[in-house]
Amino acid sequence: MNKTDDKIFDIVHDSQKVFSIILKAFSFPGRIFKIPEIDFLCDYELQKYIAVFGLTLLDFETTFHVIDDSTDSLFKKYIIKNSQAEYSGLSDADFIFVINTYLSDSINNIKKGSLIDPSKSAVLVYLLENIADTSKGSEYTVKLSGPGIKEKKYLHLNNFKECEIKKWISVNKEFPLGVDIVLISKNGEIAAIPRSIKIEINT
Amino acid sequence: MMNKTDYQYNFAFLDENTKREIRRCIIKAVCIPGFQVPFASRELPIFFGWGTGGLQITLSVIGKETVLKVIDQGDDDSVNAVNLKRLIISTTNIKTTEDTKEADIIQSRHRITEDSLTEEQIYIFQVPLPEPLRKVEPKEIETRRMHGEKDYGKMYVKLYEDILHHGEITIGADYPALVNERYIIATSPIPRWDVPRLNLSENLFLFGAGRERKIYAVPPYTKVEPLSLEDYPFRKEDFSGKECGICGSRDSYLNELPSEDDNGKSYVCSDSFYCRTNKLKSKDGT
């Protein structure tokens, strides 16, 4: 069967549905939302949800970079093919996808914006095993406070290196300069941590 | 005859690349509360200055299931609101409402509805002049620097000069406010009455200035403080002793109208839906 006969990602209505969830995630940092189930044929079946995020926000006006644990990144090929976004180096990328790995010290090289225009900065998108707002099985808790959070919010990131979170704190210490972080789980959960949020680690 | 759904434009008029650019800007605006994010601002079948900023945000955010409310100075039926609604309906066929509680998205020119808003709602303002520092600094490059360095001394000098000349701060609508202790924003222009509603609100506020090509945001539960001096605190419009001539409300923002009796002045609620429902409630005795 020809692929064009199969269900495709509807860039009008599907992307609107996904965007409304992304916007909610950024509006209420640390709160976990579910990316809508979209029935479409995805070449990148490995991780449909992160692909959907890319298709919703990326186009030829944006640049992106992928940090993947594989040498031949399927995700990179998928995004180039389906969004026409330009693949760039880490320091120039508007969106940085971190799939099953960590940025570590490379985080110091990414775009943080300038005081005149802090919006010219990167969005970090992590693909994780899971995100939870209960402490079951997590070694530490990420405590969040700031705009979008009524009092305080706790996130639990199982099997996620604590030192990576320390890097987030470090890169966002000079607000309004910094990066905005999106966490997407393999089950389609999404949570965001804008740079305006104060992050603390409780062990 | 053409069916309502056989519209000849893309859903919500804007092309998808435009929507994506605006969506990316909205996200940046939410991440940096109060910062004016530049955007391309496309041509629309209405003039710049007639609500194109708010309209472009609305068109980028709405979906098939969205219920929309559009108001102009609190009124659902004024010319600007009706025409914007007509354009949105003709290119989306979505449901509109006048009921504040029923709406998912409220687009507004110069008012916040009297009824309280929830986390599920998005409130979108049409902004004519997004730069609050323009009154004290004409150069854009300089205002950007001032925002960047949080150099807001001139704004406080303006407040002080106002007090010196007039005995109080004379700014009416568009009262400047400090968002998240970082950026000063132009508050739409909504009246002073509405400014405290921005503070720690449950819903997201988005501000769009089409002519000036800027988008900014106040996320939910964000601190918004109207500028003031210690000995001259911010105060709202005073309607004490006055009531709406239609519904009798004493706790809503009132418009002053000329009248033959009552010293030539009468008052009505600015929020037309609130006034109607309030009148019905008092009729029912509930």
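User: Happy to start with the prolines: in which loop of chain B is B:Pro189 found?

Analyst: Good place to begin, and do keep in mind that this is a predicted model. B:Pro189 is joined to B:Ser188 by a cis peptide bond, with omega about 25 degrees. As for its place in the chain, B:Pro189 sits in the loop between β7 (183-185) and α6 (195-198) of chain B.

User: Is B:Leu200 buried, exposed or partly exposed?

Analyst: B:Leu200 is in the loop between α6 and β8 (204-209) of chain B. Its phi is positive, about 50 degrees, although B:Leu200 is not a glycine. Buried means under 20% and exposed means over 50%. Because its relative accessibility is 48%, B:Leu200 counts as partly exposed.

User: And what is the phi of B:Arg213 near?

Analyst: In general, most residues other than glycine have a negative phi. B:Arg213 lies in the loop between β8 and β9 (214-218) of chain B, and at 35% relative accessibility it counts as partly exposed. Its phi is positive in a residue other than glycine, with a value near 60 degrees.

User: Let's turn to chain A. Why does A:Phe53 count as buried?

Analyst: A:Phe53 lies in helix α2 (residues 48-57) of chain A. Leaving aside neighbours within four places in sequence, A:Phe53 is in contact with A:Ile22, A:Phe95, A:Phe97, A:Val125, A:Val182, A:Ile184 and A:Ile190. The cut-off for buried is under 20%. A:Phe53 counts as buried because its relative accessibility is 1%.

User: How many Å separate the C-alpha atoms of A:Phe53 and A:Ile96?

Analyst: Along the chain, A:Phe53 and A:Ile96 are 43 residues apart.

User: At what angle do α2(A) and α3(A) pack?

Analyst: Two packed helices are described by the angle between their axes and the distance between the axes. For α2(A) and helix α3 (residues 74-83) of chain A, the axes are 10 Å apart. The crossing of α2(A) past α3(A) is right-handed. The packing angle is about 30 degrees.

User: Is A:Ser185 buried or exposed?

Analyst: A:Ser185 lies in strand β8 (residues 180-185) of chain A. Beyond neighbours within four places in sequence, A:Ser185 is in contact with A:Tyr49, A:Leu127, A:Leu128, A:Glu129, A:Asn130 and A:Ile131. With a relative accessibility of 0%, A:Ser185 therefore counts as buried.

User: What is the volume of the second largest cavity?

Analyst: Its lining is made of B:Pro132, B:Lys135, B:Met155, B:Lys158, B:Ile171, B:Asp174, B:Pro176, B:Ile185 and B:Ala186. Those residues divide into six nonpolar, no polar and three charged. The volume of the second largest cavity is about 60 Å³.

User: Last one: which helix provides the largest share of the lining of the largest pocket?

Analyst: The largest pocket holds about 490 Å³ of space. Its lining has 22 residues, with A:Gln16, A:Ser20, A:Lys24, B:Thr66 and B:Asp104 nearest the centre. The classes are eight nonpolar, seven polar and seven charged. The largest share, eight residues, comes from helix α1 (residues 13-27) of chain A.

Conventions
Residues numbered from 1 in each chain as written. Chains lettered and ligands numbered in written order. Predicted model: local features only at pLDDT ≥ 70, side-chain atom pairs only at ≥ 80, totals over all residues. Heavy atoms only, no water. Helix = DSSP H or I, 4+ residues; strand = E, 2+ residues; numbered from the N terminus. Buried < 20%, exposed > 50% of the residue type's maximum accessible area, 1.4 Å probe, protein only. Contact = heavy atoms within 4.5 Å. Axes fitted to C-alpha atoms, helices over the stretch in contact; angles between N-to-C directions. Left-handed = near helix turned anticlockwise from the far one by under 90°. 1 Å grid on protein atoms, 1.4 Å probe; cavity = no way out; pocket = protein on both sides within 12 Å on 5 of 7 lines; lining within 4 Å. Points joined across faces, edges and corners; volume = space filled by probe spheres on them. Nonpolar A, V, L, I, M, F, W, Y, C, P; charged D, E, K, R; others polar.
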